[in-house]
Amino acid sequence: MAKYLVLLVMCLCITIGIQSQSNHGNKFEQLGTILPTDNNYRNMDGSPGPDYWQQRVDYDIECSLDEKEQRLDGKELITYYNQSPSTLNYLWLQLDENEHSSESDKHKMEGSTIQDVMSEQGLRYLEPWRELDKYGDKIHSVIDDNGDSLKYTINQTMMRVELPHPLKPGEHFSFHVDWHYYLIDRIHSVSWGRGGYEYFEKDGNSLYTIVQWYPRLCAYTDEGGWQTKQFIGRGEFALTFGNFIVKMTVPEDHVVGATGECINYQQVLSPEQYNRWKLAQTAAEPLEIVTHDEAVKAEKNKPKGTKTWIYKADNVRDFAWTSSRKFIWDAMPHFNEDGKKAMCMSYYGKEAYPIYSRFSTKAVAHTLKTYSKFAIPYPYPSAISVEAANGMEYPMICFNPGRAADDGTYTAHDKYGAISTIIHEVGHTYFPMIINSDERQWAWFDEGINSFVQFLAESEWDPNYPHWSGPAELITAYMKQPKDKLEPIMTNSENIVSYFANAYVKPSCALNILRETVMGREKFDYAFKTYCQRWAFKHPTPADFFRTMEDASGVDLDWFWRGWFYGTDNVDVSLDSIKWFKVDMQNNPERKEVIDSFRPEPPVNHIARMRNVEEGIDFAVDKDPALRDFYYSYKPWETKDSLLTSKRWLYDETFTEKEKKEKYGDNNYYELFFSNKGGLVMPVIIEWTYKDGTKEIEHVPVEIWRKNENKFTKVFVKTKEVAGIVIDPYKETADTDLTNNNWPVKELPSRFEVYKKSKTEDVPNAMQRAGVKPGKT
């Protein structure tokens, strides 16, 4: 037995040695167990299963904004519908405002250092929790419909409510929560946040962004149960669809924009403003409901009364709103192909008037048009862009930057930064507000996909648009970093180091490569639209996306998901060398032959053979002598001449020289030698430049790497002589090193400039230099 063990160990060592030297890895193997097993809830093809379910929750909320105290008070009626197959004994709610509490781990979980020079703000950020005693949700009561108190437990940004009796499948439960919290100064607070207020010192007014503001249900899903991962700022939200009625009491001169539709405009607007609202329903251009002059006038007068705005929203996963007396408000309609109307609107202060009055609402309408084409027709009645010096998204409403200089001029960066952010944030109404992914788990699954569709929308806005995501070359600087600075796209939202590059730019570039280079537009667009149609108003996972893209296109993409989404390799295909061949036009009159020879060896007495003999196996050739023929006893290794030979002919009939010249005389055979220096397998795109000045593009499919992931050699037959070769000429594969993509080799110089000294000063923007007179400010 000992000798068998030694032999087994030797075999394993040999096998491992062979594998370590192999050029055939697992880049083309199926994802297999990396993806979750399909079940009755989620099909193998990426579609919802026959027993797919999801929860529902409805909210009836009343709240009031205290501008003097910067405080929000609220009470809500929550009705939770258990549509799962499980019986629930408690419900989990999110208290997102506790992100700003002094008790939140958010303020203590990041490292910090002392620099040689520290600002006061920098010192405050060392221990921000010291300034946050009054912030966070203050829960006054949690009661059922009978007025009986419900037991609850708060764990930072999560609150568990104990049910008075188990909530069985198909049942619903209603309860009430009363609360308040103090709004943070989201510009100057040591606890950065998406919601709160911005104070404008020049005119003494505030602009409020009221977001993740009410106690709301956590998502409970078939693939993860309760999503109770703490909210610490980056990993955003996992939420449940439902219906909302929200009443917001604010200072009487404030203008309110919110998720859904306002159902009491006639009571809160002046007669002139209400008439403008009605005219805007059919306007061809953005029409100001609240004009620039009205907004400037309102900044100076601060009445003490209040008004209550009432909004209704159906089948949404969240509700957000904004309020300020500074707002100019304009609107115009967008019509889907099916004739359904959505009001596109913008709310902005005078500081943003030069950019927003011209671009914002039209950018909203453009976004709905292009996203409807690539996903599903826009299903909601409104879409709002609010200028709030930041970027963040909620159903039917988003917050964006876009302020001009004091004289009303603006830079190209200001303009395109505003338009890009508007498209991006409005686009989020699709991803993840409609196609409702878990942002707390996977940031890329909404940010990356949305950045990709944003790129498509920008491409239809202006052919020369300055994109920040989408084109493959935008991700090469990140991907060629050392491996210890990289992480897969499939990394949890809170654990990503290079957040913008990894969650936004890399997945958007990957999807653009998939569309333009790997699949082609027709197959990609059909599969992507199928994914959106399957998972609209549902809770998809990355596996559902991967599987649907393959199922609807008929293209095996496991190699792509494995490399781009689960790995950290980069693309660096090197053209190492080439050889040029021509057919010899002269004939050799002698018939050529190649002699193959081999020396047979006796069969190895392997362990299975030895054990079969020891165990006395009744072999078929022993039971039936008729099975024994000449080769049963033939032992060639024991013969006198044991070298066995065979012949194979190269050719035995020649062309005439005329035939050969006619058939092959113009052919040039180029043998190209490629290596994969980056590790990520990709199709190889070759641009041939011929000596007559013409060019040709040729695609080699990614499967060329399947048997050797490190290198390949391929012969190309051309009827013209080649003057030059470029690999990936249009930079569509994210190749990180272009210096090895050319033949003849081209030097690509690195340049730098040198000056005696440096200083900084404000430079007039292009509008100022051109003497352009701005609009209103």
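**View 1. Second largest pocket of the predicted model****.** The second largest pocket of this predicted model has a volume of about 470 Å³. Its lining comprises 32 residues, and those nearest the pocket centre are Glu223, Gly224, Trp442, Thr541 and Pro542. At least two lining residues come from each of β12 (225–226) and α12 (542–553); α12 contributes the most, with 4 residues. Sorted by class, the lining holds 13 nonpolar, 11 polar and 8 charged residues.

**View 2. Largest pocket****.** Two or more lining residues are given by each of α2 (120–126), β22 (392–394), α7 (412–427) and α10 (499–519). The largest share, 6 residues, belongs to α7. The lining divides into 17 nonpolar, 15 polar and 12 charged residues.

**View 3. Open antiparallel sheet of 4 strands****.** The strands follow the order β8-β9-β18-β14, with antiparallel pairing. At the edges lie β8 (196–200) and β14 (255–258), each of which pairs on one side only. On average, neighbouring strands of the sheet are turned by 15° against each other, direction ignored. Strand β18 (residues 321–324) pairs with β14 in the antiparallel sense over 4 bridges. Opposite Trp321 of β18 stands Ala258.

**View 4. Cys218 and Cys262****.** Cys218 counts as buried because its relative accessibility is 0%. Cys262 likewise counts as buried, at 12% relative accessibility. The structure holds 0 disulfides.

Conventions: Residues numbered from 1 in each chain as written. Predicted model: local features only at pLDDT ≥ 70, side-chain atom pairs only at ≥ 80, totals over all residues. Heavy atoms only, no water. Disulfide = S-S within 2.5 Å. Buried < 20%, exposed > 50% of the residue type's maximum accessible area, 1.4 Å probe, protein only. Pairing = 2+ DSSP bridges. Axes fitted to C-alpha atoms, helices over the stretch in contact; angles between N-to-C directions. 1 Å grid on protein atoms, 1.4 Å probe; cavity = no way out; pocket = protein on both sides within 12 Å on 5 of 7 lines; lining within 4 Å. Points joined across faces, edges and corners; volume = space filled by probe spheres on them. Nonpolar A, V, L, I, M, F, W, Y, C, P; charged D, E, K, R; others polar.
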